[in-house]
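Visitor: I am new to this structure. Please show me how to read it, feature by feature.

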Amino acid sequence: MKKKLGLIGKNISYSFSENYFNEKFKILQLENYEYVNFDIATIEEFPKLLIQNRNLIGLNVTIPYKQSIIPFLASLSNKAFKIGAVNTIKFNKKGNLKGYNTDCYGFKKAIKPLLKHHKNALILGTGGASKAVAFALNELNIKVTFVSRTSFDNCFTYEELTSKIIKNHQIIVNCTPIGTFPNCELFPPIPYNYLTKNHLVFDLIYNPEETAFLKKAKLQGAEIKNGLEMLLYQAEKAWQIWNK
């Protein structure tokens, strides 16, 4: 029986991971490995998925389950515990599931070469990915404030964003799914006219390659970066975890 790896998420037919890992297995001549997508409607389907796939040795986790998967796991790595979100699961020899976060590693490695004078960041969205991004930025000594549709501590609403706030936060990271294929014309509702060449604008989305969010930022002279490199780094980190 083949060793099975996979991705759990919702509406993930567009996902990069399946092709990436199956191509990797071909290159490494690992004929006894396969990687599949598990598109589940709710996280409550997860135990059934495990019963039906006894040969699973590891999983990636994507939107919207990076936080809701945690109660189904036996343990978490220190970093995943601190972040409060999981995107990689390893099955140990006893069948226990341990959660890790490689998003943090991937984002940090992707953004670090672009950092110059940046001290403050706005993170759009408050889901599992945003928690990993915030953790990475804090490790880089960058102060983080969230932006959401609703207000809470250390969070602006989109309506509250002024020219002063945008000017004072020269990193802006989109951690929402807004603008993902096939809804490529959509973009987060921030005041793009306040962006300048001093801004670094990062979108975790990688499909399309240049989202409407990034296009609008680029028109203002901002430096832009999509999520593909982050994805590659986090995928390789997950592969290391599954094989250690």
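Visitor: What should I know before I start?

Guide: This is a predicted model, in which local features need pLDDT of at least 70, side-chain atom pairs count only at pLDDT 80 or more, and totals for chains, interfaces and linings use all residues. Residues are numbered from 1 along each chain as its sequence is written, and side-chain values use heavy atoms, with hydrogens and water left out.

Visitor: How do I read a sheet, and in what order do the six strands lie here?

Guide: Helices (H or I, at least four residues) and strands (E, at least two) are DSSP runs, numbered from the N terminus. Two strands pair if DSSP finds at least two bridges between them. Here six strands form an open sheet, ordered β2-β1-β3-β5-β6-β4, with mixed pairing. At the edges are β2 (33-39) and β4 (75-76), each pairing on one side only.

Visitor: Which pairs run parallel, and which antiparallel?

Guide: β1 (residues 3-9) and β2 run parallel, joined by seven bridges. In that pair, L7 has N37 as its bridge partner. β4 and β6 are also parallel, with two bridges. β5 and β6 run antiparallel, with four bridges. Look at G99 in β6: G99 is the bridge partner of L76, and of I89 too. The hairpin of β5 and β6 has five residues between the strands, and G95 there takes a positive phi near 85 degrees.

Visitor: Which strands does helix α1 lie across?

Guide: Angles run from 0 to 180 degrees between N-to-C directions, using axes fitted to C-alpha atoms, for helices over the stretch in contact. Contact means heavy atoms within 4.5 Å. Helix α1 (residues 17-27) lies across β1, β2 and β3 (56-61), at about 170 degrees to β2. Helix α8 (residues 228-243) packs on the sheet as well, touching β1, β2, β3, β5 (88-91) and β6. The direction of α8 makes about 155 degrees with that of β3.

Visitor: Is K90 buried or exposed?

Guide: Buried means under 20% relative accessible area, exposed over 50%, partly exposed in between (1.4 Å probe, protein chains only). K90, in strand β5, is buried yet has no salt bridge. That term means a side-chain nitrogen of Lys or Arg within 4 Å of a carboxyl oxygen of Asp or Glu. For charge, Lys and Arg count as positive and Asp and Glu as negative; His and the chain ends are not counted. The nearest side chain of opposite charge to K90, E236, is 15 Å away. But the backbone oxygen of K244 lies 2.5 Å from a polar atom of the K90 side chain.

Visitor: How many salt bridges does a search of the whole structure find?

Guide: The search finds seven. One joins E236 and K24, with the closest N and O atoms 3.0 Å apart. This pair links distant parts of the chain: E236 is in helix α8 and K24 in helix α1, 212 residues apart. E236 is partly exposed at 24%, while K24 is buried at 16%.

Visitor: Which parts does the pair of D103 and K66 tie together?

Guide: Their side chains meet in a salt bridge (2.6 Å, N to O). D103 lies in helix α4 and K66 in the loop between β3 and β4, so the pair ties together parts 37 residues apart in sequence. Both D103 and K66 are buried.

How values were computed:
A polar contact is a pair of N or O atoms within 3.5 Å; within protein, one must be able to donate a hydrogen and the other to accept it, and residues adjacent in sequence count only if both atoms are side-chain atoms.
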